[in-house]
Every structure is written in structure tokens, then in C-alpha cells.
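Take a look at the structure below. Keep the sequence at hand as you read.

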Amino acid sequence: MVIDITALSKLSYFAGLPAPELEYARQSFFEKNVPRNEVIFIEEEPADSLYFLVSGVVKLFKTSAQGKEQIISLARPGDVLNDISIFDGGPNEVSAQAVSTVALYGIKKDRLEGLMQKYPQMTGRIVRALAAHTRQLITLVEDLSFKHVPGRVAKILLQTVGTDGNQRLTQQEMANMAGTAREVVARSLKSLEEQQLIKMERHNIVIVDKKGLQRLAEEVA
Amino acid sequence: MKRMPEINMQQCNLCGLCVEVCKCGAIVIQNQVIVFTKAELCGWCTICEAVCPTGALTCPYEIVIKDE
């Protein structure tokens, strides 16, 4: 099992590191290949290794006490899966499941700490990557707290249905229109359905309570 | 006929991720083209759209009103 140095150099923590340092770091890594649907780690369990996604797609999600699954994000190649729990020493903040065949590079926590002490410039890159992650999370908090995305999505649905009898929208298009992420739109649609304002019927979004939807849309007007 | 997700082959790079993530096995690559089969099994989960790295695959919703 050989860790590909080119793949390693594309990861945010190691991008731009000189070849000798990359070569040294490579020796600390292990590769893990995961079949589709397999769970990589579980929320609230202790984390002992940091995982980078090299190929495939991983679903990061939380599960409510009632067993309801909420997708936080879909990780793509180059993404770090569990940096928070590795650096704060707490348990996994989410669960991770492979949605395709997945290749991961992992590094044990103590080996990572050793690398950080040996190569302070790598620590700088990690701090920048963590800061970028924090910025994304703050944007998400902003979307969920202030933007009232369900109201915006309600408005988009009403505007769309009003223009032409046969208007179609993808979740990504709704996200672009609402100025938010696709995952937030998915959550909003679920919330509108729970409030019995719409019904998701395969490729149809059926507005079942137009007045209720209008009231919600007016809250963001 | 049941509608299926849509593919723009000019944008598609044939990475095959949509084929891999489709839980119902409704997507296949045939002769370098993405083909949707088993429409009756597709539950419109939209995961194929979510993972498509080029935006070639889309799962559009039709917006309709039923309360009037």
C-alpha cells in the first residue's frame, strides 16, 4: 500500500510543502479503502485518526434521538472528514458514511502532532484550513439564523409557480437564488413539508397550503 | 412514462460517481454515455445531482399547486 505523494500534496494541509517534508509526512499515513454504504466513523465515538478523502464521496451526517438523519455535507476529494474532533480531543461531531467506493488517507493523532511539532509551517497550513472550515460553519450559522432560508425558498416556490404552468427548478438553482448552500435548501424543503405547506412527490413539489407559504414568504419580504 | 434525472453529456466527464451512488442502480454508463434505466425504481433522492462534480446531471422539480 503506497501513499501517492501527488495526492498528498493536493490536500489542504500539505499543499505547497517542499518535497522532503512531504516524503517524511507520507510515511506517517495509511490508506483505507471503503466500499459503498460502509460507515467510516460514528457520531459521539472517540476519534483516533484524522481522515482525508482522496477519491469518492462521503456523507457527513447527524442522527437525532428519534433516528432522523440530517446530512451536514457531502465531502469531496481533498476534504478533511473529522478535523474538529482530532484537534479538540472530543468525540466525533458527525457520522461519516461512504456513498460511493471511497479511498481515504488516515494519520494517527499522535503522528500528526509529531509532524506539526517538526514542521511548524505545516501547522500554519492547518490553522488556515481550520479557519476556512470555521468560516464555512459561520456562513451556515448565518444562513440558518438570519437568512430565514425556508421563507426564501417559500418565496422562490411561489414566484416560480406563478410565472408559467410548467416551471422547473433544481435544489442547486433554488440554493443559488436563495444565496445559500444546496444542503440548506434540502433542509428547508423538509421543514416546509413538515409544516404541511408543501408535499414532495418524487419530481414534483406540490404546494398544498399556498396561504401558509405566502405568510412564511412575507416574513422575509 | 416516469421522468428521470437529466444529463448534459457535453458537461459530463464520465467520472461514474452518479452510477456509484445511485441506490436503485438506475444509472449506467453505456458506450461512453450516461443512461438512466429502471425509472420505476428511481425515488428522486437527488444524490446523483448532489455528487456530480460538473453539474451535468440535474434532478429538476416541477412546482405545482394543489390547494386551489
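This is a predicted model: local features need pLDDT of at least 70, side-chain atom pairs count only at pLDDT 80 or more; totals for chains, interfaces and linings use all residues.

Residues are numbered from 1 along each chain as its sequence is written, while chains are lettered from A and ligands numbered from 1 in the order in which they are written.

Start with chain B. It holds 2 helices and 5 strands. Helices (H or I, at least four residues) and strands (E, at least two) are DSSP runs, numbered from the N terminus. Along the sequence of chain B, the pattern reads β-α-β-β-α-β-β. Its C-alpha atoms fill a box of roughly 45 × 20 × 20 Å, taken along the principal axes. Of the 68 residues in chain B, 31% are buried. A residue is buried if 20 or more other C-beta atoms lie within 10 Å of its own, exposed if 12 or fewer, and partly exposed in between, with C-beta atoms placed from the backbone.

Now turn to the contact. How many residues does each chain give? Chain A gives 25 residues and chain B gives 21 residues. Two residues are in contact if their C-beta atoms, placed from the backbone, lie within 7 Å. On the side of chain A that touches chain B, helix 6 (149-163), strand 8 (168-169) and strand 10 (204-207) each give two or more residues. Strand 10 of chain A supplies the largest share, 4 residues.

The strands of the two chains also join up. Two strands pair if DSSP finds at least two bridges between them. Strand 10 of chain A runs parallel to strand 5 (residues 61-65) of chain B, over 4 bridges. Here A:I205 stands opposite B:I63. Strand 8 of chain A pairs with strand 5 of chain B too, in the antiparallel sense, over 2 bridges. In that strand of chain B, B:E62 is the bridge partner of A:R168.

Put together, 4 strands form an open sheet with mixed pairing, in the order 8(A)-5(B)-10(A)-9(A). Strand 8 and strand 9 (198-201) of chain A stand at the edges with a single partner strand each, so one side of each has no neighbour in the sheet.

Finally, look at chain A as a whole. Its domain assignment gives domain 1 (5-126) and domain 2 (149-218). Such bounds come from an automatic or database domain assignment. Taken over C-alpha atoms, the centres of domain 1 and domain 2 of chain A are 34 Å apart.
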